Amino acid sequence: MDVLAELNPAQREAAEAIGGPVLILAGPGSGKTRVIAHRVAYLITVCRISPHRIMAVTFTNKAAREMEERLHRLIGGVVGDLTIGTFHAICARILRRDGKAIGIDPRFVIYDEEDQLSLLKRGIQEVGLDPKQYVPRAIASAITAAKSRTLTPQDYIQHTRSYFEEVAGRVYERYQQLLAESNALDFDDLLMKTVQLFRNSPETLSKYQSRYLHILVDEFQDTNLVQYELIKQLGGERHNICVVGDPDQSIYSWRFADLRNILSFEKDYPEAKLVLLEQNYRSTKLILETASHVISANQLRKPKELWTNNEQGELTNVVETYTEQEEAQFVVSEVERLVEQGKARLGDCAVMYRTNAQSRALEEAFIRYGTPYKLVAGTRFYERREVKDIIAYLRVIQNPHDSVSLLRIINVPGRGIGQRSLSELSGWAKSLGISQYEALQLITEPKEGEERQHPFTPRLVKALTSFVSLMEEFTTRSQELNLLDLFDLVIKRTGYKEYILSGKDDEERWDNILELRTVAREYRDLKPPEGLAAFLEGVTLVSDVDGLDETVDAATLVTLHQAKGLEFPMVFIVGMEEGILPHFKSFAEPEQMEEERRLCYVGITRAKQRVYLIHAFRRSLMGSSTANRPSRFLEDIPQHLIASGGLWQWEDSQVMPSIYSRDKAPAPRVASSELKAGDHVRHAQFGDGVVVSCQPAKDDKEVVVAFTSGVGVKKLLLSFAKLEKVE
DNA sequence: CGAAAGGCTCTTTTT
DNA sequence: GAGCCTTTCG
């Protein structure tokens, strides 16, 4: 079987250019992921390269999974132990195996952003500064910047150019010490330490260099300098590196992704073969044209010609609504209408937005209509308090030095160990130069001749003792229990269930625990210590889109960033306003403004058939309501590509302007009514009033009426209220 | 010590 | 509008 049979000439060229570096510049929808998959299949089946000697780096775990499935289909069998995953996941694996060479304990835990911030706060305090004055987030960003250039604290301090950087440098230094004491690495460390490992341990590097004959990197435009360095190291003398990317879709510069990597690649590998993929298989001609107009307004880019054989398609719909609630209503009613008319399935529709906060209004509307939707990362599952609590227990079992997790759970459920005691404990541990857990052991199980003077009351010592013995029980049992049993043991012995069920939102929270348990079940068959380790790594390195299930027929709600790499027949981009998209934080820097434009471009190019660009006249931001002008990106789209500018008004008239011209008014699931804002009504009990608003509620309508009789404003359900319309 | 209440400040995007 | 912090009271 010819694994390249389905490819067009350019794709084929990219897939079979084996031996030496290859740079593939690929427009949206040009099949770049496909090219990677076919290239790997070609390497394995035609070039007879063992999968063991191939590394493919993807942007998300989901992309990795899909790549594997694709390969599976292509090769028609087991793929073998191909190395495939995100940079972070691959680096974590390398460090567990070989990090010892630079002093990394293989049981290290990975700190996510929340853990990082909490440790940073401690660091800021410990160097004698006020976390209110020096926001942990800002310092975190400075540290990420440093780590993305492989700068150690010492390197960084030498380069400081401002007082802020001076401060950041001091915190960075302390922060790294705290991480080391906790035997923890943050996300950036995974990359940086791997590069350091390869720099400092030539034997380790050459081991990996000789293993990996071929390296492939997807979404190359969103790699940063450390990642670049990493593939350069692994590529060694062989230069068998194939990178695929699209500069126009670079949207992670704030994470210090650097487009210059593409230029560096051409410079570092002058023999690199360049392949352009310009044929788009995804979108209609009109969508592609619209997208091109938007992206062409960027100054700092190389023009490229995308084309498609797809049909002409439809014009882009630009819609204005009054508020974000109306915007959401428009989206949902339009989705419903598309489904009713048989033009799309729910799963064909995606709503995209710039900021996570925008999902709220959308979600509310979807719930009101009873329309199924899937939200990619609401309050992200693994960031829920109860989920993190349990994970923290498991982490401390694996690695008792993990101070962030330890402090998180030491008094959860409550054991009478309060803030005061904890800061005293920290102080005491620090004065002795030992970790918190060691301090705990010293207090609760003093060894002969090692009794220390400590400032804690007998009552507290008792509480601490019961905590420590609980944890030691867990640690001991963790050697023999599989992960699922360990999980249940933790829940049972900590009384976590009772703790949750006595609090607020108890059912939802408990459900989350059960869901986490379902995840744990998948690790049940691994041997005791490995099961725990694999689980902890899995839950830390998940990305939001990883949970996206294509088999569920429901509308998808995603941020524009998450939308990268996805495609949908119907795309709604909401919040097309100055200050939202482009986001106001990007107004100052032209480079950032260009990135916003790329983000918009990414959104539009996700669409196969139809695009809606929606903006609201006013929306509430940070509590208060502001009026925003339509996005400048809308102005980049010539009029002849737009279906016709439309104001959308809820049931204001039977025939809607613009997009409704051909069809009748939206038909939500609820019964239609003649009531609208401004109508005068009479209620049997409350008397006369004026309708303030009329919105669909589940199977009914929610009418807000301001009564003149003195009862004030009432919210009524239409079916119950028996309102009478008066002229 | 811990629950409850009030006050404060930010909000981009994420592996 | 929410999450975090501080204050207050039992």
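**View 1. Leucine 25 stands opposite leucine 276 of strand β8 in this predicted model.** Strand β1 (residues 22–26) runs parallel to β8 and is joined to β8 by five bridges. Strands (E, at least two residues) and helices (H or I, at least four) are DSSP runs numbered from the N terminus. Residues are numbered from 1 along each chain as its sequence is written, chains are lettered from A and ligands numbered from 1 in the order in which they are written.

**View 2. Six strands form an open sheet in the order β3-β2-β6-β7-β1-β8, with parallel pairing.** Two strands pair if DSSP finds at least two bridges between them. β3 (83–85) and β8 (273–277) are at the edges with a single partner strand each, so one side of each has no neighbour in the sheet.

**View 3. Helix α12 (residues 260–268) lies across β1 and β7.** The helix runs at about 145° to β1. Angles run from 0 to 180 degrees between N-to-C directions, with axes fitted to C-alpha atoms, for helices over the stretch in contact; contact means heavy atoms within 4.5 Å.

**View 4. DNA strand B is surrounded by 27 residues.** A residue is near the strand if one of its heavy atoms lies within 4 Å of it. Arg354, Asn356, Ser421, Ser543 and Met622 are the closest. Local features need pLDDT of at least 70 and side-chain atom pairs count only at pLDDT 80 or more, while totals for chains, interfaces and linings use all residues; side-chain values use heavy atoms, without hydrogens and water.

**View 5. Tryptophan 254 has a polar side-chain atom 3.0 Å from a base oxygen of DNA strand B.** For arginine 255, a polar side-chain atom lies 3.4 Å from a sugar or linking oxygen of DNA strand B.

Technical notes
Polar contact = N/O pair within 3.5 Å; in protein donor to acceptor, adjacent residues only side chain to side chain.
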